[in-house]
Amino acid sequence: MEGIMEKIVSLSKRRGFIYQGSEIYGGLSGTWDYGPLGVTLKENIKNAWRKRFVFGRSDMYEIDSALLMSSEVWKASGHAQGFADPLVECSECKVRFRADQLPAGVASGNKCPNCKKGTLSSPRQFNMMFKTRIGADETAGETYLRPETAQGMFTNFKNIIDTFHPDLPFGLAQIGKAFRNEISPRDFLFRAREFEQMEIEYFIREGEWKEHFENWRKEMLSWCEGIGLPKKSLHEKEVAQENLAHYSKRTIDFEFDYPFGKNELYGLAYRTDFDLANHSNGSGADLRFYDEETKERFIPHVIEPTFGIDRTVLALLSSAYCEDELSGEKRVFLAFTYDMAPVKAAVFPLLKNKPELVKKAKDLFATLKKDIPQIMFDDNGNIGKRYRRQDEIGTPYCITIDFQTLEDDTVTLRNRDSGKQERVAVSALSGSIKK
Ligand code: ATP
């Protein structure tokens, strides 16, 4: 029987959320292309994030730094030396695994879990950054595609201080792509080689790190609930000292119950002054903050809340995916919150071959679209089919124009989750939908 994960992958493709990258060439592992509904879902996530963490506060500065950065950045940040995973390879089928993610009971030196013939090599460190060259000839400099958006915020710290003169604490926020040459991309969007992050570097006084860490922990949980992730599917994991990233003194992983099991969704890390201090040494720039009151100069410490967008999409799809029976028929629907739903409402004429109904529906669609841009017109197939299509993409409301509409200017408004329909005056529609 098809598992939930397979159903989500197939719905995502069938309805235009997400396609395999380079699909017509057989697919490129670890890459995913977002279709029209996927793009809108991602935009809804980004907009909600900006609204809450950037525009909703007065201590946050959003930037958009270049994906390509000087190779010196990656030396100073420690990524050139330390951003590596342990890799083991099978002597026969040559399949590679992350040594720390082998199935339970399997270790290097054991039989390969894939071909069951070869032996797994001893682990070697494999740097996960994609190398690239800048410039046209052989003397071109090497650098990497960024494996996180964070470094662009550290390298712009001085620019923000010089142009905006913020007081501590303050944060830089950034949304953008990151690239990691993952040894084994898997589980749909969960482990990709190209993905998007929404990150914050929140600069603080060292002595206040515990209090800010706690505030951000709560903020992150509240964000999760706000976008509709059920509390019971979220778990906090204190990362053990020996597993901390090279820059971190404390990290909490926010884990989510995906259909394939519990795994990381977001992270919250106390990065100390590691990055700014190293960039100060590496570049020679003075990255200290000047405290007007105490007349002291010091390098601030930083708390980093990081949110993977693709894992958010996967968590939203997984938690929204529902199957039930409506009027004796099985159906699938995505129970997105109104804010997350890519399409807020769909407008249908009851019958496609009645020009007066089609005209009325098109006029209403055009009027509503001015107020609610994420709206759709559909006259394909019968009403039942249209409902099923809208349910599958998580549209909260369907509006049907029928013969009664022509008489009294009312329509039927159908609710996605309950399937219930009510008669609503056209003049009250926009308000009812947004409510
Ligand atoms: P993992 O342990 O799963 O490899 P990580 O701890 O290395 O992840 P971070 O470096 O903390 O991940 O990255 C920040 C966020 O970016 C993660 O919480 C996740 O949401 C997202 N992310 C990281 N790697 C990937 C990936 N390969 N595909 C999709 N999202 C990712």
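In strand β20, the bridge partner of A345 is I375. That pair belongs to the link between strand β19 (residues 345-349) and β20, which run parallel and are joined by 3 bridges. Strands here are DSSP runs of E with at least two residues, helices are runs of H or I with at least four, and both are numbered from the N terminus. Two strands count as paired if DSSP finds at least two bridges between them. The model is a predicted one, so to speak of local features takes a pLDDT of at least 70 and side-chain atom pairs count only at pLDDT 80 or more, while totals for chains, interfaces and linings use all residues. Residue numbers start from 1 along each chain as its sequence is written.

β19 and β20 sit in an open sheet of 5 strands with the order β20-β19-β21-β22-β23 and mixed pairing. At its edges are β20 (375-377) and β23 (421-425), each of which pairs on one side only. On average, neighbouring strands of this sheet are turned by 25 degrees against each other, direction ignored. Helix α13 (residues 426-434) packs on the sheet and touches β19, β21 (397-401), β22 (410-415) and β23. The direction of α13 makes about 120 degrees with that of β23. For these angles, axes are lines fitted to C-alpha atoms, for helices over the stretch in contact, and the values run from 0 to 180 degrees between N-to-C directions. Contact itself means that the C-beta atoms of two residues, placed from the backbone, lie within 7 Å.

Now for a second open sheet: 3 strands in the order β5-β4-β6, with antiparallel pairing. Its edge strands are β5 (96-98) and β6 (124-127), and each pairs on one side only. Here neighbouring strands are turned by 50 degrees against each other on average, direction ignored. Strand β4 (residues 84-89) pairs with β6 in the antiparallel sense over 4 bridges, and A84 stands opposite N127 in β6.

Then there is the ligand. It is surrounded by 15 residues, and the closest are A192, F195, G267, G308 and R311; a residue counts as near if its C-beta atom, placed from the backbone, lies within 6 Å. Two or more residues of this shell come from each of β10 (194-204), β13 (261-272), β16 (301-308) and α9 (309-320), and β13 gives the largest share, 4 residues. By type, the shell divides into 4 nonpolar, 4 polar and 7 charged residues. Nonpolar covers Ala, Val, Leu, Ile, Met, Phe, Trp, Tyr, Cys and Pro, charged covers Asp, Glu, Lys and Arg, and the others, Gly among them, are polar.

β10 runs antiparallel to β16 and is joined to it by 6 bridges, with E199 partnered by T306. β13 also runs antiparallel to β16, through 6 bridges, and Y266 stands opposite F307.

Overall, the protein has 13 helices and 23 strands, and buried residues make up 34% of its 435 residues.

Notes: Buried ≥ 20, exposed ≤ 12 C-beta atoms within 10 Å, placed from the backbone.
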